[in-house]
Amino acid sequence: MSVLGGGVIGLSIAWRVAASGCAVTVFDDECRTGGSWVAGGMLAPVTESWPGEEELLDLGSRSLARWPSFARELGDVGLRAEGTLAVALDSADVGVLDVLADHLRGLGREADRLTGRELRALEPGLGPRVRGGLSVPGDLALDNRKLLSALRKACAAEGVVVEPRRATVSTVDADVVVIAAGAWSGELHPALAPVIRPVKGEILRLAGRRGALPPPTRTIRAHVEGRPVYLVPRDGGLVVGATQYDSGFDAAVTVGGVRDLLRDAEVVLPGIAEYELVEAAAGFRAGSPDNLPVIRWLEPGVLAATGHHRNGLLLAPITADVVLTLLREGGTR
């Protein structure tokens, strides 16, 4: 079997399939604009959910339940279990979180409403403009780059061969080809061309400095005058994201994107003004029309595992399980 793409999805599939006894080759050029490299690392199906996306919430929740054991098998992936605070700064933003809270309550999901004072009791670094929010204790987070490294080691241990180049369905010699090339998957099969599109996102990495306030212990997801921003603790600093554009494969990090992220993040956590900006990067998520991944046979011998949009890391365990099941069942369903 050949896997086209060596991000978190492609490597997870390769690892699981190789562990089942199959020979696997992964084709990947380690592109630094892939979603796996630039991801924030949140495993957050509840705070990512929205009315009308119940299927995605269910899929994400089932995959989240797989993550603790998945991570234990891989080793150190920086898994964090402190949960998420979703916060709002004005009445309109509070209204957005009220819709989310009502939606989750109707589905029987846990999300506790908190006042600004209660939020600051949990995370003292939150700014005075934070008016209210939700606590979602079940969310997880991890270090996406540690995860990539751990998956590569796990694949190597199972005998997976990695070819450091891109390939297409027609240029590989394999009984089965799995297209798991993220945002580039649409270029690899006609059935994916109208379905998968690149969604650009920019992230910042900030490092704490001596004398600066420590980062929060929880992931912070905020709405600032309608704009979403997230802050994920990472090695004494923070990952801040994410802008979102439908602009093709434009990999430039824009001044406006960096400005907006820093401005909104500083309102949420004023102490980050003392942090060091160590990285600004842009990457591409694999968008799909309904935000659901495409995991199915495209034709005899060609499987798709792509279109995960914001949830590639979250859905890696369940995607690998589904692909393994499809391979065992055979056919082209």
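## Six-stranded sheet

In this predicted model, six strands make up an open sheet of mixed pairing, ordered β8-β2-β1-β9-β16-β15. Strands are DSSP runs of E with at least two residues, helices are runs of H or I with at least four residues, and both are numbered from the N terminus; two strands pair if DSSP finds at least two bridges between them. The edges of the sheet are β8 (161-163) and β15 (294-299), each of which pairs on one side only. On average, neighbouring strands of this sheet are turned by 20° against each other, direction ignored.

Strands β9 (residues 177-179) and β16 (residues 302-306) run parallel and are joined by three bridges. Within this pair, Val 178 has Leu 303 of β16 as its bridge partner. Helix α9 (residues 316-329) packs on the sheet, where α9 touches β15 and β16, and the direction of α9 makes about 30° with that of β15. Contact means heavy atoms within 4.5 Å; axes are lines fitted to C-alpha atoms, for helices over the stretch in contact, with angles from 0 to 180 degrees between N-to-C directions.

## Eight-stranded sheet

A further open sheet, also mixed in its pairing, has eight strands in the order β5-β6-β4-β11-β12-β13-β10-β14. Its edge strands, β5 (112-115) and β14 (276-287), each pair on one side only. Neighbouring strands are here turned by 25° against each other on average, direction ignored.

Five bridges link β11 (residues 219-224) with β12 (residues 227-234) in the antiparallel sense. One of the residues involved is His 223, whose bridge partner in β12 is Pro 228.

## Helices α1 and α4

The axes of α1 (residues 8-19) and α4 come within 13 Å and cross at roughly 75°. Helix α1 is therefore roughly perpendicular to α4, a term that covers angles of 65 to 115 degrees. From α1, Ser 12, Trp 15 and Arg 16 meet Arg 66, Phe 70, Glu 73 and Leu 74 of α4.

By class, this contact of α1 with α4 has three nonpolar, one polar and three charged residues. Ala, Val, Leu, Ile, Met, Phe, Trp, Tyr, Cys and Pro count as nonpolar, Asp, Glu, Lys and Arg as charged, and the others, Gly among them, as polar.

Two cavities of 30 Å³ or more are found in a search of the whole structure. On a 1 Å grid over the protein atoms alone, a cavity is a set of points where a 1.4 Å probe fits but cannot get out, whereas a pocket is an open set with protein on both sides within 12 Å along at least five of seven lines; lining residues have an atom within 4 Å of a point. Points are joined across faces, edges and corners, and a volume is the space filled by probe spheres set on them. The largest cavity has a volume of about 60 Å³, and its lining comprises four nonpolar, three polar and two charged residues. Helices α3 (45-48) and α4 (54-74) each supply at least two lining residues, with α4 giving the most, three.

The second largest cavity holds about 40 Å³; its lining divides into three nonpolar, three polar and four charged residues, including Arg 80, Glu 82, Asp 139 and Arg 218.

## Basis of the values

Residues are numbered from 1 along each chain as its sequence is written, and side-chain values use heavy atoms, with hydrogens and water left out. As the model is predicted, local features need pLDDT of at least 70 and side-chain atom pairs count only at pLDDT 80 or more, while totals for chains, interfaces and linings use all residues.

Note on methods. Angles under 35 degrees count as roughly parallel, over 145 as roughly antiparallel, 65 to 115 as roughly perpendicular and the rest as oblique.
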